[in-house]
Amino acid sequence: MALRNIRELGDDVLRKKSREIQEMTPKIKELIEDMFETMYEADGVGLAAPQVGVLKRLVVIDTGEGKPLVMINPEILERSGSQTGYEGCLSVPGKSGIVTRPNYVKARAKDENMKTYIVEGTELLARAICHEVDHLDGKMYVDFVEGGLVDTSNGEDEE
Ligand code: NI
């Protein structure tokens, strides 16, 4: 495993649309391991492949509750309710901002064995899924932050 360089806001790769993964390969397995390592090292709860410069529809999430998620070709099937709170991103270090997200989402994805599964999440997990899936379409939370970005050197969770 190896740490990967996290791309930051302003890098064009973060604004591109990622492509679906058709089959698991040793290279993608290694990418998944590296993404977890990179995310944990940076104290994040989620990381999307474009954030490490790979335009593939793959995200990893670990909110600290339940088991870590590998989401390949994720699709959000249902959203409901609403939550408004601070959100950060490993590609926008040292900042956070208020974003309104659904309080519940149901999503379909494939795991590291390309087995399709359904995940339901509320609160932080719902927020993380929405945030990471946005990355696959080149969207960043700074595009819809409410009231501007604030400095957070005091350690908000970053996604
Ligand atoms: Ni992010």
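This is a predicted model: local features need pLDDT of at least 70, side-chain atom pairs count only at pLDDT 80 or more; totals for chains, interfaces and linings use all residues.
**Stop 1: Glu87 and Arg101**

With the two residues still selected, look at their side chains, which meet in a salt bridge with an N to O distance of 2.6 Å. Glu87 belongs to strand β4 and Arg101 to strand β5, so this pair ties together parts of the chain that are 14 residues apart in sequence.

**Stop 2: the nickel ion**

Next, select the nickel ion along with Cys89, His131 and His135. These residues are the protein donors of the ion, through SG of Cys89, NE2 of His131 and NE2 of His135, at 2.1 to 2.3 Å from the nickel. Along the sequence, the donor residues follow the spacing C-x41-H-x3-H. Cys89 sits in the loop between β4 (83-87) and β5 (95-101), while His131 is in helix α2 (residues 123-136), so the pair ties together parts that are 42 residues apart in sequence. Cys89 and His131 are both buried. For Cys89, the relative accessibility is 1%.

**Stop 3: Cys130**

Move on to Cys130. Is Cys130 buried or exposed? Cys130 has a relative accessible area of 3%, so this residue counts as buried. Which cysteine sulfur is closest to the sulfur of Cys130? The closest one is in Cys89, at 14 Å, and this is too far for a bond.

**Stop 4: Asp34 and Arg4**

Select Asp34 and Arg4, whose side chains meet in a salt bridge at 2.8 Å, N to O. This pair links distant parts of the chain: Asp34 is in helix α1 (residues 26-41), Arg4 is in the segment before α1, and the two are 30 residues apart. Asp34 is buried, at 2% relative accessible area, whereas Arg4 is partly exposed, at 27%.

**Stop 5: Asp11 and Arg7**

Finally, select Asp11 and Arg7. Here the side chains meet in a salt bridge at 3.1 Å, N to O. Asp11 is partly exposed, with a relative accessible area of 25%, and Arg7 is partly exposed as well, at 27% relative accessibility.

How many salt bridges does a search of the whole structure find? The search finds 12, and the pairs at these stops include Glu87 with Arg101, Asp34 with Arg4 and Asp11 with Arg7.

Notes: Residues are numbered from 1 along each chain as its sequence is written. Side-chain values use heavy atoms; hydrogens and water are left out. Donors are N, O and S atoms within 2.8 Å of the metal (3.2 Å for Na, K and Ca); water is not among the atoms, so sites may look incomplete. Helices (H or I, at least four residues) and strands (E, at least two) are DSSP runs, numbered from the N terminus. Buried means under 20% relative accessible area, exposed over 50%, partly exposed in between (1.4 Å probe, protein chains only). A disulfide is a pair of cysteine sulfur atoms within 2.5 Å. A salt bridge is a side-chain nitrogen of Lys or Arg within 4 Å of a carboxyl oxygen of Asp or Glu.
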